[in-house]
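Morning, everyone. I have one chain to walk through today. Have a look at it first.

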Amino acid sequence: MFLCGIAAAQEFPARTVHLIVPYTPGTGADILARLLGPRLSERWNVAVVTENKAGATGNIGADFVARSAADGYTLLFVATSFGTTPAVMRVPFDPVKDFVPVALVATSGLVVVVNPQVAARSMRELIELVKREPGKLHYSSPGNGGPQHLAMELLKLETGMNIVHVPYKSAAGALADLVGGHVQATIAAVQTAQPQVLAGKLRAVGVMSAERSQAFPEVPTLKEQGLPGLEVETWYGAFAPAGTPEQVVGKLNSELNLLLEDRAMREFLAKQGMAPAGGPPGRLGALVKSELARWTRVVNAAGIKAD
């Protein structure tokens, strides 16, 4: 068995590799897969094809990969929802048992933004404002149970804010109504919010990453504002079906890490508001387990139900 695994790794890849993205084109995971795929193809001299299998908050594509042959030729490229959705709804797969982590590819920060008419210039001031007017202010999100929704619910649990959730069907809709003043706040990916903040249509009051964001160097983190333990980042990772030979996973991990060290790759990711991650497969595996535990606690405490 061990020798067969070594042989498989030595021969891999000998045919087309499929990168399955369980979201629509243009999303962060899709951008990464289409960026990395051609470079892997050049290195391996085989076709590397990105396929979108969107639907059911990523569950359709993830289930497809979980049921695929465990040989390294079908990989899953996912985002943060892989660790949040199972906390909100029943999924047709086990995110830990049905997959083996390959690599944490990149991370991206989240930022709390408000409409400029809101009298808050920091996260602390927003919390105080909401507490003075409980239940009167509203925040938008791209959808019920998504990462942005759960991040705000985490803030509410830890700070005692009473701000009302208004779910939308997309990040664009959530931001558009915030700009229009129909809601007062939201949490968004830094690259999504940056154009509106720079144009003066929104105000950033705090970033949720451990360090300040290059997109908003003047905006303090929540920790800097006296709110430790509330770091939340979006992340992107690659998985293979459970049972994929360890040697094949190791080769995939090494190849992705090598690409993430490339200067042009890092510059492109920075323009997308992302930071390259990398590291051993275990880094991604540990992240998923911690995410599942964290968001299950938030969902249960906040009483969040699937649509």
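I'll take the overall fold, then a group of aromatic rings, then one glutamine.

Ground rules. This is a predicted model, where local features need pLDDT of at least 70, side-chain atom pairs count only at pLDDT 80 or more, and totals for chains, interfaces and linings use all residues. Residues are numbered from 1 along each chain as its sequence is written, and side-chain values use heavy atoms, with hydrogens and water left out.

The fold. We have 11 helices and 10 strands. Those are DSSP runs, numbered from the N terminus: helices are H or I with at least four residues, strands are E with at least two. The radius of gyration is 20 Å, close to the 19 Å from the globule rule for 307 residues, so the chain is as compact as a globular protein of that length. That radius is taken over C-alpha atoms, and the rule is 2.2 Å times the number of residues to the power 0.38. Along its principal axes, the C-alpha trace spans about 65 × 40 × 30 Å.

How much of the chain is buried? Buried residues make up 51% of the 307. Buried means under 20% relative accessible area, exposed means over 50%, and partly exposed is in between, with a 1.4 Å probe and protein chains only. Now contacts, meaning heavy atoms within 4.5 Å. Of those with a separation of 6 or more, 78% join residues 24 or more positions apart.

Next, the rings. The structure holds seven aromatic pairs. Rings of Phe, Tyr and Trp (its six-membered ring) pair if their centres lie within 6.5 Å; planes under 30 degrees apart are stacked, over 60 edge-to-face, the rest tilted. Phe82 and Phe93 are stacked, at 6.1 Å centre to centre and 10 degrees between the planes. Phe82 sits in helix H4 (residues 81–88), and Phe93 in the loop between H4 and strand S4 (99–114). Both are buried. Phe82 also pairs with Phe239, this time tilted: 4.8 Å and 35 degrees. Phe239 is in strand S9 (residues 233–241), 157 residues from Phe82. Phe239 is buried too. Which residues form the cluster? Phe82, Phe93, Phe99 and Phe239 form one aromatic cluster.

Last, Gln194. It lies in helix H8 (residues 190–198). Gln194 counts as partly exposed because its relative accessibility is 27%. Leaving out residues up to four places away in sequence, Gln194 touches Ala215 and Phe216. Val113 is 81 residues from Gln194 in sequence, yet 9.9 Å away in space, C-alpha to C-alpha.
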